[in-house]
Structure formats: C-alpha cells, structure tokens
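Please keep the sequence and the structure in view while reading.

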Amino acid sequence: MSGGVEWALHCCVVLTSVEEPIPATKLAELHDVSASYLAKQLQALSRAGLVRSVQGKAGGYVLTREPGSITVLDVVEAVDGPAAAFTCTEIRQRGPLATPAESCTTPCPIARAMSGADAAWREALRAVSIADLALDVAETSGPSAMTRVSAWLTAPQG
C-alpha cells in the first residue's frame, strides 16, 4: 500500500470537521507533507467521487458524501487501485518439475491463502468508515481534537 493512502485517509478524516472547501495547500501544511504529492492523492479521491474540487478564491476540497458512507476501502482503491495485493503467476507450471497446465484445475494452496487474506483485508477495510475514524480521533486525541483541526483549517490565511 502506498504512502498516499495514509495521506488521503487523513485528509478525508479532517474534511469531516469542516463544511467549507479546504485548499490542498492547507491540508498539506496541516500534515506537513508535500503539497504536490498530496494534490495527486486528492485528484485520485476526486476521480473516485469521494471528494469534490471547488474552484475559485474560496476553493478547495470537500467530501462528496456523508463520512459514514465512505469506507477505508473506498479510499485505498481510489489511491492504489482495486487490483488484488497478490498476483499468482502459476510458478508451479515452471522449472524441471513443472506441473502440466491441464493438471492445474484449481488454484494452488499459496494462491488460495493469499486470495483469502486479500478478501479478509478488504472486508476489514470495508467495515470501517471515515466517520468511524473521525470518531476514533475524538476518542483517542480528546473531544476537542477535531474542533481544533476545524478551527485551524478555516482560520484566515495571512
């Protein structure tokens, strides 16, 4: 999983604390990350329909849906794509003791194990929403954490 996933998730969580668009540069400054790299993650979220870019002087990014309807898996797939983490190359059909292709009627135990792990991982990420993460921030960082984030994000720049 790319580092962009972490950045995108943090941005989605902090966007739950505001109602107005927040510029990518402000989000990058809040997280002390590269503005140009973060912009790529925000563009990926926008292409996936998770955030919307608002143009103009008061422009920036806003969530397109309620935070409870955006899952961690939605963000992961927006940034890194939907491909499985493991790709079987049928290595058992190679080498001096290769199994003939016609004998490979089911996936090998390694492919099955990796497929099962991928499915479990996706289900776990599908079960957690951006709203869940925002609530957890409030529980672990204190009830005023998200209010402080909102105040900082919406303070006039100067």
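In which loop does D32 lie? D32 is placed in the loop between α2 (24-31) and α3 (35-47), where helices (H or I, at least four residues) and strands (E, at least two) are DSSP runs, numbered from the N terminus. The model is predicted, so local features need pLDDT of at least 70 and side-chain atom pairs count only at pLDDT 80 or more, while totals for chains, interfaces and linings use all residues. Residues are numbered from 1 along each chain as its sequence is written, and side-chain values use heavy atoms, with hydrogens and water left out.

Most residues other than glycine have a negative phi. D32, however, is not a glycine and has a positive phi of about 55°. D32 is exposed, with a relative accessible area of 71% (buried means under 20%, exposed over 50%, partly exposed in between, with a 1.4 Å probe and protein chains only). E90, also a residue other than glycine, has a positive phi near 55°. E90 belongs to the loop between α4 (72-80) and α5 (109-126) and is partly exposed at 24% relative accessibility.

Strands β1 (residues 51-54) and β2 (residues 60-63) pair in the antiparallel sense over 4 bridges; pairing requires that DSSP finds at least two bridges. R52 stands opposite V62 in β2. The two strands form a hairpin with 5 residues between them, and G56 in the turn has a positive phi of about 105°.

T154 lies in helix α7 (residues 145-154). Beyond its neighbours within four places in sequence, T154 is in contact (heavy atoms within 4.5 Å) with V18, E20 and I22.
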